[in-house]
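Open the model in your viewer and keep the sequence panel beside it. This tour goes from one selection to the next.

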Amino acid sequence: MTQTRKDRRVSLGSWPTPVEPAPRLARALGLNADDLWVKRDDLTGLGGGGNKVRKLEWTCGQALAEGATVLVTTGAAQSNHARLTAAAGARLGLDVVLVLAGDPPSPAAGNLVLDGLLGATAVWAGGLPGSELLAKAAELAEQLRRRGDVPALIPFGGSSVLGARGYAECGRELRAQVPALRTVVTALGSGGTMAGLVAELGAERVLGVDCGAAPDPGRTVARFAAGVSGRPCPPEDLRIRHDQIGEGYSHLTGPVMDALVLAARTEGLVLDPVYTGRALAGLAAAVRDGDVVPGERTVLLHSGGLPGLFGHPAALRQAEAALYGERPSRS
Ligand SMILES: Cc1ncc(COP(=O)(O)O)c(C=O)c1O
């Protein structure tokens with residue numbers, strides 16, 4: 001772990017993450033073989049890997065500078081951010097409390113199993129609406145403070161101006177790794193990932209695929225991107241697709257299932273049903289409607305999320321159907 005007074009970032013991951021060609025996937029999408037590259041941010045190293053590690057390097061750095069003894073954050077039951085906050089806490093010797101939406105599923109699966117293994121305490125919010133999770137986390141932090149702990153609230157999805165700085169760094173890696181980069185495609189949830197990329201690469205080079213995790217993500221991305229770059233970022237300049245949400249965040253759509261199968265069978269690349277599968281489905285749609293064209297260099301950001309596949313019953317049913325020879329649904 002390294003930390004300096006000026007730079008509050010702590011080191012939690014392995015950098016730079018690799019960039020790999022994806023020629024068979026490129027051709028299947030209608031691109032030229034050398035047009036498409038994959039940025040492997042699923043290989044960030046900590047706790048099963050994923051995009052949240054880059055943001056946690058900054059938010060945990062600040063927590064440590066403030067003398068925190070316990071990290072408190074919020075998320076869905078299958079939150080990758082919650083899992084990686086648990087891993088960061090373990091790495092840094094801090095306790096972790098996760099305020100999770102809904103009730104505890106039985107048996108626990110996917111990210112939840114790792115949350116337990118990593119030593120986090122889960123507090124279930126029951127019927128509380130998602131918008132009130134943060135208030136519950138703040139209340140819990142107050143109780144911890146009265147008990148003598150020093151809690152640090154890590155924002156939803158790890159996204160804030162500070163957390164998004166981690167993705168400006170990813171943008172700098174991409175500049176060096178992929179000359180002539182035209183478009184990087186990323187899943188868009190709480191906004192910090194896209195915001196950091198936009199801050200470094202410019203709005204015209206980043207295509208966000210909305211996963212339905214938060215209302216009005218464009219405004220959030222614009223605010224964080226402006227905060228990181230120090231330049232205005234009008235929301236209308238952002239390239240965001242909202243066509244892959246389907247019936248909602250945790251719902252598996254036909255195009256996303258097709259994307260999971262395509263990436264797996266062309267490149268041996270395993271995506272997840274909530275985020276990276278949506279990013280690839282959004283890229284496929286962008287090629288169809290001409291927003292991404294052959295002859296230009298495109299990067300698909302693999303932002304992790306594999307444990308969530310094992311906590312997603314609909315995706316597991318579809319994968320099982322494929323194993324036993326039925327065609328995955330295209331509904
Ligand atoms: C695997 C994965 N990819 C992408 C995202 C989206 O990133 P952001 O929340 O920064 O928009 C998330 C957010 O939870 C995620 O878990």
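Helices (H or I, at least four residues) and strands (E, at least two) are DSSP runs, numbered from the N terminus. This is a predicted model: local features need pLDDT of at least 70, side-chain atom pairs count only at pLDDT 80 or more, and totals for chains, interfaces and linings use all residues. Numbering starts from 1 along each chain as its sequence is written, and side-chain values use heavy atoms, leaving out hydrogens and water.

**Stop 1: the ligand shell.** Select helix 2 (52-65), strand 7 (181-188) and helix 7 (192-201); each of them supplies at least two residues of the shell around the ligand. A residue is near a molecule if one of its heavy atoms lies within 4 Å of it. The ligand has 16 residues around it, and Lys55, Gly189, Ser190, Thr193 and Ser303 come nearest. Color the shell by type: three residues are nonpolar, eleven polar and two charged. Here Ala, Val, Leu, Ile, Met, Phe, Trp, Tyr, Cys and Pro count as nonpolar, Asp, Glu, Lys and Arg as charged, and the others, Gly among them, as polar.

**Stop 2: the two domains.** Color domain 1 (19-50 + 160-323) and domain 2 (52-158) separately. Both give residues to the shell, so the ligand lies between them. The bounds come from an automatic or database domain assignment.

Stop 3: Next, show Ser190, with a side-chain N or O atom 2.6 Å from an oxygen of the ligand. Then pick Ser303, where a polar side-chain atom lies 2.7 Å from a ligand nitrogen.

**Stop 4: the backbone.** Go to Trp15 and Pro16, joined by a cis peptide bond with omega about -10 degrees. Pro16 is in the segment before strand 1 (19-21). Move to Ser106 and Pro107, where another cis peptide bond has omega about 0 degrees. Pro107 is in the loop between strand 4 (95-100) and helix 4 (111-117). Finish at Ala180, in the loop between helix 6 (161-177) and strand 7. Its phi is near 65 degrees, a positive value in a residue other than glycine.

Note on methods
Polar contact = N/O pair within 3.5 Å; in protein donor to acceptor, adjacent residues only side chain to side chain.
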